[in-house]
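Please keep the viewer open and follow the stops below in order, making each selection before reading what is there.

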Amino acid sequence: MKRSTIHRQARRRGSVLIVTLWASVGLVSVALLFGHSMLMAYRGADNDFAGHQADQAIEGMIRYAQTLYATPDAPGQFPDPASYVAEALPVGEATAWFIGRADDPGNGTTPAYGLVDEAGKLNLNTATLDMLVQLPGMTDELAASIIDWRDPDDKVTGNVGAENSTYLALQPAYNCKNAAFESIEELAWVHGATRTILYGEDANMNGLLDPNEDDGDKNTPYDNADGRLDPGILEYVTVFSKQPNKRQDGTARLNVTTMNADVLDLLTTTFGSARAADIQARIGPPGTQRIRSELEFYLLSGMTADEFGQISDAITTHPGTYVPGLINVNTASEVVLACIPGIGTDKASSVVGTRLTRAPQDASYLWIVDVLGEDNAKQAGPYITGQSFQCSADVAAVGRHGRGYRRTRVVIDSSSGTPLVVYRRDLSGLGWALGSDVRQQAVWKGVR
């Protein structure tokens with residue numbers, strides 16, 4: 001065979017080999033691309049499935065929280081944190097947490113888990129101007145505007161508040177509500193409210209000092225990088241706190257703002273005529289003074305704590321079916337306690353210190369007298385209680401392999417006798433809220 005023919009055949013075979021190699025590369029690339037697409041689809045489906053698991057875990061945790069508040073034998077008693085599981089609770093393949101709050105909200109370095117008492121906060125619809133201005137970061141302008149937002153008149157509070165004339169000058173314009181707050185998020189509409197005042201350094205509202213909340217102005221939010229968390233006022237306010245103003249058996253309570261015949265009859269039936277007469281003598285004849293709170297009635301009467309416990313369910317100093325806005329001194333933070341008349345910043349820490357020595361299941365609040373003294377206790381009386389009928393459950397969850405993160409906050413109200421969800425907000429968009437330790441555990445689960 002001629003050499004030229006051999007060369008032509010060799011070149012032809014080489015060309016075929018090159019084409020074959022290129023075809024193989026193309027097929028391998030298509031296979032890899034297809035495989036990568038399938039892997040991404042699988043991961044997406046797996047993450048979606050994990051998200052559904054987390055959603056269902058949250059629903060289960062909400063029902064769990066409702067059962068904790070279903071205590072017909074002890075209505076108004078805030079659940080003892082030691083009586084339920086709040087951290088890393090397995091729900092099928094998912095895991096869920098109740099994001100709670102530490103006794104010191106400014107600590108921010110120690111994760112806390114559990115339900116949060118809404119009665120341990122200031123109620124935006126009942127707190128006085130003097131109480132509101134005591135909140136950290138609060139301005140006189142915003143406090144006065146809160147009063148103007150909720151009151152029915154058009155009078156500007158303290159010449160620094162805001163009524164319709166202020167809001168109608170905005171773009172877009174809107175009216176001052178002149179009605180009760182329906183959620184704490186409504187504060188964003190109130191004149192003088194800023195993101196810094198509302199949220200402080202706690203951008204994701206988890207009560208924990210996350211890295212971006214302790215790095216100065218490197219990342220939002222701006223913070224002072226002092227190693228402590230400075231929450232905004234949303235941490236300390238609510239609109240949901242109220243308690244039923246009736247006896248446990250559903251009958252009406254007796255109003256003891258004045259010492260009338262019905263009250264005397266209650267005392268006589270409970271303690272006998274001689275002891276009832278002694279209590280009446282201490283309080284004075286009907287109409288001699290107006291009693292502002294049940295605590296003041298107790299102090300004036302000279303009753304023992306045991307005696308008061310026998311009639312406390314039967315008396316009130318408030319009109320209406322419900323009493324809104326009373327602050328539970330058994331659960332309120334030092335910041336909130338400092339806003340209450342008769343307690344203030346000089347007594348708030350003593351209240352918290354004394355409370356920590358008491359049994360957590362004790363719903364009495366008479367112990368406050370020993371901390372404050374009688375005069376200060378009388379000042380605090382109209383604003384405080386030892387009971388709670390509302391809690392917030394801030395639930396975070398992940399599905400299998402630590403994926404599919406979800407977070408929802410609900411408020412549960414048991415004041416009607418049945419624990420009901422009266423508020424719900426999806427907080428997943430605020431980002432991871434469980435701290436770096438749990439994140440590392442979740443990542444490890446996801447790659448093992």
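A pocket, as the word is used here, is an open set of grid points, on a 1 Å grid over the protein atoms alone, with protein on both sides within 12 Å along at least five of seven lines, and its lining residues have an atom within 4 Å of a point. The model on screen is a predicted one.

Begin with the largest pocket, whose volume is about 850 Å³. Select Phe78, Pro81, Asp103, Asn330 and Thr331, which, of the 35 residues in the lining of this pocket, are the closest to its centre. If you then colour the lining by class, the largest pocket shows 17 nonpolar, 9 polar and 9 charged residues.

Coloured by class, the lining of the second largest pocket divides into 11 nonpolar, 14 polar and 4 charged residues.

For the last stop, select strand S13 (residues 406-413) together with strand S14 (residues 420-426), which run antiparallel and are joined by 6 bridges. The two strands form a hairpin with 6 residues between them, and in the turn Gly417 has a positive phi of about 105°. Finally, display Arg409, which stands opposite Arg425 in S14.

Conventions:
Residues are numbered from 1 along each chain as its sequence is written. This is a predicted model: local features need pLDDT of at least 70, side-chain atom pairs count only at pLDDT 80 or more; totals for chains, interfaces and linings use all residues. Side-chain values use heavy atoms; hydrogens and water are left out. Two strands pair if DSSP finds at least two bridges between them. Helices (H or I, at least four residues) and strands (E, at least two) are DSSP runs, numbered from the N terminus. On a 1 Å grid over the protein atoms alone, a cavity is a set of points where a 1.4 Å probe fits but cannot get out, and a pocket is an open set with protein on both sides within 12 Å along at least five of seven lines; lining residues have an atom within 4 Å of a point. Grid points are joined across faces, edges and corners, and a volume is the space filled by probe spheres set on the points. Ala, Val, Leu, Ile, Met, Phe, Trp, Tyr, Cys and Pro count as nonpolar, Asp, Glu, Lys and Arg as charged, and the others, Gly among them, as polar.
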